[in-house]
Amino acid sequence: MRRCGKLPRLAACLLAGLLVACGNNGAGNGAGGVDLVIVASPAALVVAPGAQGSVEFTLQDATGRPQAGRSLRLALLLAEPPDAGAAPTSGGASLVTTQGTTDARGRFVASFRAGTEGEFRLRATNTRSQSQTVTVKVAAAATGKAEAVALLDPGIVAASLEMRLFPDLACDQLRANTPALDDPALAQKLQVSARWTLPLLAVQQSYGLITLALDQQGALAGYGCVNIDGRTLLQSTPVVFTVPVGRPSPSLASRYLLASELVFSPDLAPGAGTAIEAWGRLAGCPHDPAQLWLDCTLDALGPTNNPDDPLDCRPAPDEGALGQLMAARLGTLAKGSNCRGDKDVGGQPSLDARVHDLFPASGSPIVAALPSLAAEVAGMFRRIRLSSTLEFVFTGRPRTWQAFHAVTSVGFPVGDAFHSVNLLDRPGRFSRFVVATLDETGQRIDLASHGFGVRLGHVARAAFSARALQLRGFPGDETAFVNVLYRSATLAQPAVDPLTGCAALDERVCSDLGQAPGCLLAACELGVQSLAAVLRKGFDELDGEDLDVFLRGGANLADRQADGTISSLGSLLANRVGPGLWTGELRSLAGVTGLTGLWVGTRAPGQ
């Protein structure tokens, strides 16, 4: 009885198997016979419970030619339940459609939705083919498939892409300069139109995916980011994520090193004429520096507290009785010139010629250098160079930063080279709270007007002293320089040491004037001091009372690095954006003059 009880169930099983076997070996044979083949892709797949899936069936003949416009019938074959006596089940799986027609390539995509965990088979049948089945396993997925493709905004010209994947980070936590993780599988470089097949992603995890569009120089041309929720991924079919890539907002480094070259407008700094004239008078005439020495001495013979006749080495018409005697013996002026000749008005050897003879006939090194020194002073005040640092702090307002600009050195052209003077001990070199704004195109940064207390005259004196005087072995201080210059004048005496400097001039001129020795000694020494003051005054007049150098301007953002940071402001390279531009003014004691110039900035090391 127990065996007989099983016979109905066994017969049912044999019948079901026979039906399946018949289907697999020519089910639905028509009049044409079995002469076509169905190919499935994939042959088996795994999907998550409740997920959508699809299988591509291709109908072709024995030679592999696709069969278009043919009908396919689709069915879900129920799986045997794990428990004996239970009814077969599909786990709740369902077909989107139960039949379809192949396309021009002989293909039809059968779509389904999975049910609960388990297993079922998807079968496709044509009347002229054997049926084809695909096993579908329904299981909770630990990972899913994804692909990414970039969509560039119009106007972005990119040569390549770089995509970077960041587990457990979202787009609001990422920037273009966020470095890729150490795992090489989480970053990919590819062509602009290419698609990145991402590594398998955990369905219980979220990701941030950034895309960098790079130009031919490797600089950032575009940036985009999308968030990926792992729960949306499929096991069978990759989910394609499109990353919109737009123009990147510039990421300014915190600190840049600036090099600027400025010219004065008009073409000479105010006050510079005083310095140029003073140093030029040392070698302006054939009898110089003797002629200037005599002028300074004669000027000092008059009252020293007369505001209408300052001690400036320019004698007044009346410098006292001794001054009148001295003036009468000066050389006559050449026509149209301030240079005096060898003879005075009476035809006697002039004091200019007599004092000039006190200097060595072959010329001392310091006297020989006077024409060059005058020329170097004359060339100093047409342009200057600034080295400075520019630091940015983002204010939180769109396209607005606060800048901190500090001058580190100022250079002047002295002779055949620029000489820079360090300003690190100068409090006025700082300019804080400078407003910096980015234009609407995101291509240019502009700096509002700001000023520095450079004391340009003092800096120019320091440059001239170091480069023109001390480099030649002369004293850098004007008083010491003038003393060395005139001590090179020598008057020999019988049996005693020769007289030099003011003692030599006093002995020569007082004797020629019929005066007692010492008649000019005090005036000569005072005149030498006044000459040093005159040489210094031209530089002093370049100083301002407070802030003296004012600048405003801007530059194009020249170089976007692949990390999104702007590496340079302005450029001197050919076919690039060009240098930045400055306009401004110098406010000196002698007056106000315009400044214009060019500048470039490079990202400071370590920024």
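This is a predicted model: local features need pLDDT of at least 70, side-chain atom pairs count only at pLDDT 80 or more; totals for chains, interfaces and linings use all residues.
Let's start with the sulfur links. A search of the whole structure turns up five disulfides. Suppose you number the bonded cysteines of the protein chain in sequence order: the pairing then reads 1-2, 3-6, 4-5, 7-10, 8-9. We'll visit some of these links in turn.

Find Cys285 and Cys339, which form a disulfide with their sulfur atoms 2.0 Å apart. Cys285 sits in the loop between α2 (272-281) and α3 (290-300), while Cys339 sits in the loop between α4 (321-328) and α5 (351-356), so this pair ties together parts that are 54 residues apart in sequence. Now look along the S-S bond: the torsion there is about -85 degrees, so the disulfide is left-handed. Are these two cysteines buried or exposed? Anything under 20% relative accessible area counts as buried. Cys285 has 13%, so it is buried, and Cys339, with 15%, is buried too.

Next up is the disulfide that joins Cys296 to Cys313, with an S to S distance of 2.0 Å. Here Cys296 belongs to helix α3 and Cys313 to the loop between α3 and α4, so the pair ties together parts 17 residues apart in sequence. The torsion about the S-S bond of Cys296 and Cys313 is about 105 degrees, so this disulfide is right-handed. Cys296 counts as buried, at 1% relative accessibility, and Cys313 is also buried at 1%.

With -80 degrees about the S-S bond, the link of Cys502 and Cys524 is left-handed. Cys502 is buried, with a relative accessible area of 13%, and Cys524 counts as buried at 0%.

Now for the empty space. Rolling a probe the size of a water molecule over the atoms shows where such space is left. The largest pocket has a volume of about 560 Å³. It is lined by 27 residues, and the closest to its centre are Asp215, Leu220, Gln443, Leu557 and Arg560. Which strand gives the most to this lining? That's β28, with four residues. Both β17 (220-229) and β28 (549-560) supply at least two residues each.

Note on methods: Residues are numbered from 1 along each chain as its sequence is written. Side-chain values use heavy atoms; hydrogens and water are left out. On a 1 Å grid over the protein atoms alone, a cavity is a set of points where a 1.4 Å probe fits but cannot get out, and a pocket is an open set with protein on both sides within 12 Å along at least five of seven lines; lining residues have an atom within 4 Å of a point. Grid points are joined across faces, edges and corners, and a volume is the space filled by probe spheres set on the points. A disulfide is a pair of cysteine sulfur atoms within 2.5 Å. Buried means under 20% relative accessible area, exposed over 50%, partly exposed in between (1.4 Å probe, protein chains only).
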